[in-house]
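Here is a friendly walk through a two-chain model. Have the sequence and the 3D view at hand as you read.

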Amino acid sequence: MTYISVEKTYDIMEICILAGSIMLQNGAETHRVEDTMTRIATAYGVKDSDCFVTPTGIILSLEGEEPTKTKLNRIIERTTNLEKVVRVNDISRRISTGTVGMNEAYHLLKDVEDEKCTYSDLFQVMAAAIASGCFLIMFDGVWRDFIPAFIAGGLGFLCSLYFHKVLQIKFFAEVSAAFVIGVIAFLAVSTGFGSEVDKIIIGSVMPLVPGLLITNAVRDLMAGHLVSGISKGAEAILTATAIGSGIAVAFLVF
Amino acid sequence: MSEFFAQAITSFVATFGFGIIFHIPRKLLVQCGFIGMLGWMAYWAIVFFYHNEVLAALSGSFLVAVISQLFARVYKSPVIIFSVAGIIPLVPGGAAYNAMRHFVENDYYVAVSLAAKVCLISGSIAMGLMFSEVINQLIFRAHARKKGLNKV
């Protein structure tokens with residue numbers, strides 16, 4: 001059995017960890033991250049590799065000439081940026097077909113990591129506002145409430161983006177965003193601008209709701225990724241509690 | 001009938017908007033909107049005719065997942081790109097909100113029953129996703145065996 005050299009093993013490890021951490025930070029599922037890392041390692045000639053992925057960290061070990069190499073990578077920030085997941089996926093496909101060398105692969109992955117977001121913040125806020133208005137109609141709201149939901153949803157999403165950038169505490173950002181939504185909905189109804197408080201709040205809260213997390217958590221649990229499933233579920237419950245308490249504070253004020 | 005069109009158009013636009021929030025690549029946004037619309041219309045039709053939200057969420061998410069896997073093969077992108085945005089309209093945001101509201105108002109009986117409903121609906125969404133994955137794997141494995149391929 002021929003083994004690859006020590007330096008090469010470290011280089012392969014760097015590439016795998018970089019690809020895995022970009023995917024995990026930007027919202028890929030646990031099993032896809034594991035799959036991608038194993039594929040890259042296999043494509044570069046590693047006979048045996050093992051990885052353990054949780055939402056907060058990656059552990060990867062590769063068998064080489066020397067004793068097994070293991071590396072741990074901590075993941076602190078998690079967002080949803082599926083464009084980067086698609087890009088890394090493309091790169092890993094090309095690595096599997098053997099058309100990309102190790103050096104080139106590393107630089108391509110670095111480019112993806114440093115890339116700025118595709119859509120500007122303003123564009124995202126507009127999208128959230130329009131989506132809120134549409135959700136209002138989908139949940140049997142009346143067209144008269146479209147404008148209040150539009151404003152509340154947009155401002156709420158803007159608040160969550162802004163507070164998250166300033167304070168780095170996700171929980172607080174969500175509480176304040178939900179509070180802003182609640183206040184706007186109540187003001188809209190009390191001034192006669194809107195008609196149903198509940199419908200306006202449900203519609204405009206949707207961009208903040210952890211729907212993706214809940215679904216992914218159950219999916220991970222069923223697929224046997226117990227640690228990831230439970231921690232994602234905990235994050236989802238925390239977010240839901242944050243939204244609920246923000247709205248609750250708005251209820252108490254009015 | 002106008003209600004039908006209003007639901008179709010708003011679900012398309014809402015999913016499209018969510019695609020932007022999730023940073024889905026520009027060229028795939030319309031496909032995501034389409035999947036979201038199909039999933040929501042299935043949900044809406046079943047709620048309309050059978051008044052069963054759990055069954056509706058199950059079939060909606062199943063449809064979303066099946067078409068997502070089809071699109072993932074056609075456009076050579078991860079499945080999650082298509083399924084994430086499509087699932088969003090089915091998420092029981094309204095029921096979760098109502099549960100929270102009743103908790104705040106000290107109306108625990110109603111709140112707990114609503115919370116149980118939220119759990120059931122989100123569980124059924126996950127079940128829909130799982131079913132489609134199982135079927136996909138069965139079909140793909142049978143296909144691979146026929147061609148004599150080992151590589152998945």
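## The make-up of chain A

How many helices and strands make up the secondary structure of chain A? There are 10 helices and 3 strands, where helices (H or I, at least four residues) and strands (E, at least two) are DSSP runs numbered from the N terminus. Starting at the N terminus, their order is α-α-β-β-β-α-α-α-α-α-α-α-α.

Before going further, please note that this is a predicted model, in which local features need pLDDT of at least 70 and side-chain atom pairs count only at pLDDT 80 or more, while totals for chains, interfaces and linings use all residues. Residues are numbered from 1 along each chain as its sequence is written, and chains are lettered from A and ligands numbered from 1 in the order in which they are written.

The C-alpha trace of chain A spans about 80 × 30 × 30 Å along its principal axes. Chain A has 254 residues, and 51% of them count as buried. A residue is buried if 20 or more other C-beta atoms lie within 10 Å of its own, exposed if 12 or fewer, and partly exposed in between, with C-beta atoms placed from the backbone.

Two residues are in contact if their C-beta atoms, placed from the backbone in the same way, lie within 7 Å. Among the contacts in chain A with a separation of 6 or more, 65% come from residues 24 or more positions apart.

## Where the chains meet

Across the interface, 42 residues of chain A are in contact with 36 residues of chain B. On the chain A side, the elements that give two or more residues are helix H3 (82–96), H5, helix H8 (197–205), helix H9 (211–222) and helix H10 (226–253). H5(A) gives the most, with 10 residues.

What classes of residue does this side of chain A have? It has 30 nonpolar, 8 polar and 4 charged residues. Here Ala, Val, Leu, Ile, Met, Phe, Trp, Tyr, Cys and Pro count as nonpolar, Asp, Glu, Lys and Arg as charged, and the others, Gly among them, as polar.

## Two loop residues with positive phi

Asp140(A) is not a glycine, yet its phi is positive, at about 60 degrees. You will find Asp140(A) in the loop between helix H5 (121–138) and helix H6 (146–167) of chain A. Asp140(A) counts as exposed because it has 11 C-beta neighbours inside 10 Å.

In chain B, His23(B) also has a positive phi, near 60 degrees, in a residue other than glycine. His23(B) sits in the loop between helix H1 (2–21) and helix H2 (29–50) of chain B. With 21 other C-beta atoms within 10 Å, His23(B) is buried.
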